[in-house]
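Open the model in a viewer and keep the sequence at hand. The stops below go from one selection to the next.

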Amino acid sequence: MTTALITGATSGLGAAFARRLARDGHHLVLVARDKDRLWEQATRLHDLHGVEASVLKADLATEDGISAVEDRLADREHPVDLLINNAGFGNKGTYLDVPMQDELTMLKVHCEAVLRLTSAGAASMRERGRGGVVNVASVAAFVPRGTYGASKAWVVQFTQGAAKDLAGSGVRLMALCPGFVRTEFHERAGMDAGSVPRWMWLDADAVVAAAMKDLVRGRNLSIPDARYKTLMGAARLLPRELLSKASSTTGRRFGPR
Ligand SMILES: NC(=O)c1ccc[n+]([C@@H]2O[C@H](COP(=O)([O-])OP(=O)(O)OC[C@H]3O[C@@H](n4cnc5c(N)ncnc54)[C@H](OP(=O)(O)O)[C@@H]3O)[C@@H](O)[C@H]2O)c1
């Protein structure tokens, strides 16, 4: 049996990855900050699917948290075959309203942690000649959308570059770029997502199903759902100014500070 390590496994897309991978028979290592929720999830998936599910409490905004997960990924006696770098969040507010420390924390979780965990996991996978890494980015990577969009653009560029460098090694890397997904993300970020049209919302389990299909096909970029494939195709043709206006406002109304 293979083992998958998922960051941000307490809710939303991470929890959906955990459900899907447990159903497929992978042992799990679940990573996030809320240990009680992780144990709840691990116990449920163990009971339902008979897989081993362990818990690693780590805050990926800290050196200790990133190091702890790096160490787990570097453990050659208990190899991780599939790494899902999913942990992430949105900040409350637009540029200059967000405290600098929160901007830097975002870069730590979305970029530094993803770089270091991908590298720890992929190095070990390359020695074994097989493995996969899914880095959860966003369609925000393709449009102007503050530090969030910029950090996710880095995830896409980094992942696609690393995928090319590791071609032929047996290690697959893929950036996953969902549109709006119903999770805890918007509430946690204090966003009023009411302005997002209903048709733009995706279901977390459906996003994960599309991602797993694309990973098997050997894609290094996955944009789940035909609606978003079409939107992103159209975005390439739109004047930059128009795109900038639409993307920097949609779903970015924030509640009182
Ligand atoms: N929802 C969307 O519309 C959407 C769209 C495109 C991309 N995404 C991306 O999808 C990913 C998952 O987000 P989601 O929508 O599923 O949101 P979510 O429901 O809020 O889940 C976020 C997860 O990340 C974990 N997390 C946050 N900060 C962390 C930290 N410092 N250290 C460790 N874990 C941390 C949280 O767990 P703890 O609080 O327990 O640590 C939680 O499990 C993110 O990278 C997000 O940018 C989301």
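Start with L96, which counts as exposed because it has 8 C-beta neighbours inside 10 Å, and the cut-off for exposed is 12 or fewer. The model is a predicted one. L96 sits in the loop that runs between β4 (82-85) and α4. Check its backbone: phi is positive, about 75 degrees, although L96 is not a glycine. Most residues other than glycine have a negative phi.

Next, select D225, another residue other than glycine with a positive phi, here near 85 degrees. D225 is in the loop between β8 (221-222) and α8 (226-237). Is D225 exposed or partly exposed? With 18 other C-beta atoms within 10 Å, D225 is partly exposed, because the count falls between the limits of 12 or fewer for exposed and 20 or more for buried.

Move to helix α7 and select V216, which lies in this helix (residues 204-216). V216 has 10 other C-beta atoms within 10 Å and is therefore exposed.

How many residues surround the ligand? There are 29, and the closest are G8, G12, R33, D34 and G88. Colour the helices next: α1 (12-23) and α6 (185-188) are the elements that give two or more residues to this shell. The largest share, three residues, comes from α1. Colouring the shell by residue class gives 13 nonpolar, 10 polar and six charged residues.

The last stop is the largest nonpolar core, a set of 71 residues. Those with the most contacts inside this core are I6, A18, L28, L30 and V31. Helix α4 (residues 100-128) supplies the largest share of the core, eight residues. In soluble globular proteins, nonpolar side chains tend to be buried together.

Within the core, centre the view on I6. Which residues is I6 in contact with, once its neighbours within four places in sequence are left aside? They are G14, F17, A18, L28, L30, V31, I84 and N86. Among these contacts, A18, L28, L30 and V31 are also named with I6 as having the most contacts inside the core.

Conventions:
Residues numbered from 1 in each chain as written. Predicted model: local features only at pLDDT ≥ 70, side-chain atom pairs only at ≥ 80, totals over all residues. Helix = DSSP H or I, 4+ residues; strand = E, 2+ residues; numbered from the N terminus. Near = placed C-beta within 6 Å. Nonpolar A, V, L, I, M, F, W, Y, C, P; charged D, E, K, R; others polar. Core = buried A, V, L, I, M, F, W, Y, C linked by C-beta atoms within 7 Å. Contact = placed C-beta atoms within 7 Å.
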